[in-house]
Amino acid sequence: MNPQLSFIYFSLLFLTSNALNYPLVRRETSVARVREFHGAVLLKNGKQTSCELALMHNKAAFVPASCFDIDSSNNVNDVSPYEVALDAGGTPITRETVTVDKVIINPRYNPTTYANNVAVIFFNSQAKEEWSNYIDRYPQELTDRAYVRRSMNDEEKKSWNAPAVVNDVKNDEGCKQASAQFASNPADLWCSPMSVTSPVGGSCHVPYGIVYGIVGSDMVVTAMYSHSAVYGNDMCGDSKAYHYYTVLSNYLNWAVSVVPGGFAIFSSDGQYSASDDPNYGIQDSNGSSPNGVNVVGGDLYARIPKADSKATSSLPSTSTSTSTEPSSASSTSSHDSSHSLSVASSDSDESSEEDSLSHKTSTSNSSTGSASSTYFSTQPTESSNSTPTSGMLESKSPSNLSK
């Protein structure tokens, strides 16, 4: 057990049986379920970016480091162009656009390879009530994954599209062949070829922003988008692309060291396999990308032409060779597994689930079965109204998992 966590005790809530050996089950997660969580995206110069925040609570969040302009020492040059837009999800409802106080980039972040693509952002929410999201600490026990993309329809009016959500339970066979880094660090990254229609540049597709892990009836924030490996130079065409997501569990102890007051974590039965090292970082692979593969990250919306939805988005070439797709990868374009977005009025917190998504997924089979599990959760050492000690990983009541 991490010495930093030695003073945290666990309370056992017997729900049913252990889920550690429960098989992965693909099912459909509803938009209504996603709306039980607070969500947010990063704005730059008043415009939304493709960077979605993995919210810890109403003052701080994980965010991809690649979303910021940084110097050679991994410091953000200037936070003034950035804002955080919070949607109307979760309880209490806190739809607002707020300024950024500071951003701390993980010291192991490599802006060339996107290794350790993690930062913590602090923002000035005006919410009258405190709230928190759980961050998962034990991804190995999860039985399903829900990939989610939140986006705005109008930044000035604070109008949001309905969230796009799709379930997937395993990494695609082509993920390792497209990225030597993923092949070397399969436990630190999740990968999927699935994409969603971009809210800018109508014919283009972008990856999802956040991944929620599912165990039993509970969902917890588990991973966030990092970067993509694209075969060819066209983001908006038919180029095959694999999208990689940073699993956050190994970075929790680093985050604890920079977030005053801590944040909420989740693990069933108190077990975890995450690193205890606050200086943890994945190692950059010695292998190079396959011929014709371009690795991109950061604000993907900035790469998409806005004047003509049929225009293509050229990527900076990282290889002069002709694109060669992996023979074992699916021949179906990554765009075949996608969703289109619909507008959710800024004056309404609810919209029809049937209207929220237009599925074009190549895999239609799903299971509605649910996994059973035993849960532990960390409890505050004082009453729920007390202020947690700095550096503490604080967890709320399990009944508030999705709030």
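Biologist: What makes strand 2 and strand 6 count as a pair in this model?

Modeller: In this predicted model, five bridges join strand 2 (residues 40–44) to strand 6, the two running antiparallel, and because pairing asks for at least two bridges, these strands are called paired. One of the positions involved is leucine 43, whose bridge partner in strand 6 is glutamate 83.

Biologist: What joins strand 6 to strand 7?

Modeller: Strand 6 and strand 7 (residues 96–105) run antiparallel and are joined by four bridges, with alanine 85 standing opposite threonine 97 of strand 7.

Biologist: Why is strand 6 described as largely enclosed by the rest of the structure?

Modeller: Strand 6 covers residues 82–86, and four of its five residues are buried, so the description of the strand as largely enclosed follows from that count.

Biologist: Why is serine 192 called buried?

Modeller: Its relative accessibility is 0%, and because buried means under 20%, serine 192, which is found in strand 14 (residues 189–192), counts as buried.

Biologist: Which residues does serine 192 touch, leaving aside those up to four places away in sequence?

Modeller: Serine 192 touches Tyr147, Asp168, Cys175, Tyr242, His243 and Tyr245, while its side chain also reaches the backbone nitrogen of methionine 194 at 3.1 Å; a polar contact needs a distance within 3.5 Å, so that value meets the distance cut-off.

Biologist: How do you know that strand 5 pairs with strand 8?

Modeller: Four bridges link strand 5 and strand 8 (residues 119–123) in the antiparallel sense, and phenylalanine 62 has valine 120 as its bridge partner in strand 8; since at least two bridges are required, the two strands count as paired.

Terms used:
Residues are numbered from 1 along each chain as its sequence is written. This is a predicted model: local features need pLDDT of at least 70, side-chain atom pairs count only at pLDDT 80 or more; totals for chains, interfaces and linings use all residues. Side-chain values use heavy atoms; hydrogens and water are left out. Buried means under 20% relative accessible area, exposed over 50%, partly exposed in between (1.4 Å probe, protein chains only). A polar contact is a pair of N or O atoms within 3.5 Å; within protein, one must be able to donate a hydrogen and the other to accept it, and residues adjacent in sequence count only if both atoms are side-chain atoms. Contact means heavy atoms within 4.5 Å.
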